[in-house]
Amino acid sequence: MPNIFETSYIILWVFTLTTLTLANVRFTNLKCNSLDPTFSIVEKCNLKLIRRGTVGLNVTVKLLKTPVSSVSVNVAFFKKSNGYQPYLYNTSADFCNFLKQRQKYPILQVLANYMLHRTNINHTCPFDHDIIAENLVLNENIFKLLPLGNGEYMFRIMVGAYNDWKCDIKCYFSIF
């Protein structure tokens, strides 16, 4: 016969799993900043209502110095609690290596599987064209692999080239 702690743990686990799978998620704000205007310009950075309750992210970054063959990326999650505080994930990688060997970076792989189908960066380096993400919609299925509870979050992507940060994108979203 299971004890009261095991039963409570199982009930809590099922409740958490149920709330995560039934959660509604959507973008609430987007901020893009070009850190080196001689290298890249953010031409479009907005959220667009696609249909009722569905918000799509749109970003276009014009590269002024191409081709780009050395790309670094830093991905971090923040949770709103008296300001945005670091939360769970913060990882950096050589993006060109990541595109060749995705299994080495599990957190980035989960995000890439979700995001790359709506962008034009789904190929290996070099990049000799503008970077475009169109109508990227948050899907609650991604949060089955990245367990985040209800609340307000910020997802920050810092992109660098040739060992220098070039662009900072902050995506704000809510899980409710």
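Predicted model: local features only at pLDDT ≥ 70, side-chain atom pairs only at ≥ 80, totals over all residues.
**Count.** I looked for cysteine sulfur pairs within 2.5 Å and got 2 disulfides. Counting bonded cysteines along the chain, I wrote the pattern down as 1-2, 3-4.

**Cys32 and Cys45.** I found these two joined, S to S 2.1 Å. I checked the torsion about their S-S bond: about 80 degrees, so I noted a right-handed disulfide. Cys32 sits in strand 1 (residues 25–34) and Cys45 in strand 2 (residues 40–51), so the bond ties together parts 13 residues apart in sequence. I then looked up accessibility. Cys32 comes out partly exposed at 22%, and Cys45 is partly exposed too, at 26%.

**Cys96 and Cys125.** Here I have another disulfide, with S to S at 1.9 Å. The torsion about this S-S bond is about -85 degrees, so I put it down as left-handed. The pair links distant parts of the chain, 29 residues apart: I located Cys96 in helix 2 (residues 95–100) and Cys125 in the loop between helix 3 (106–115) and strand 6 (131–137). I have both Cys96 and Cys125 down as buried.

Cys167 is buried, with a relative accessible area of 7%. Cys171 is in no disulfide either; I get 7.0 Å to the nearest cysteine sulfur, again that of Cys32. With a relative accessible area of 5%, I marked Cys171 as buried.

Conventions: Residues numbered from 1 in each chain as written. Heavy atoms only, no water. Helix = DSSP H or I, 4+ residues; strand = E, 2+ residues; numbered from the N terminus. Buried < 20%, exposed > 50% of the residue type's maximum accessible area, 1.4 Å probe, protein only.
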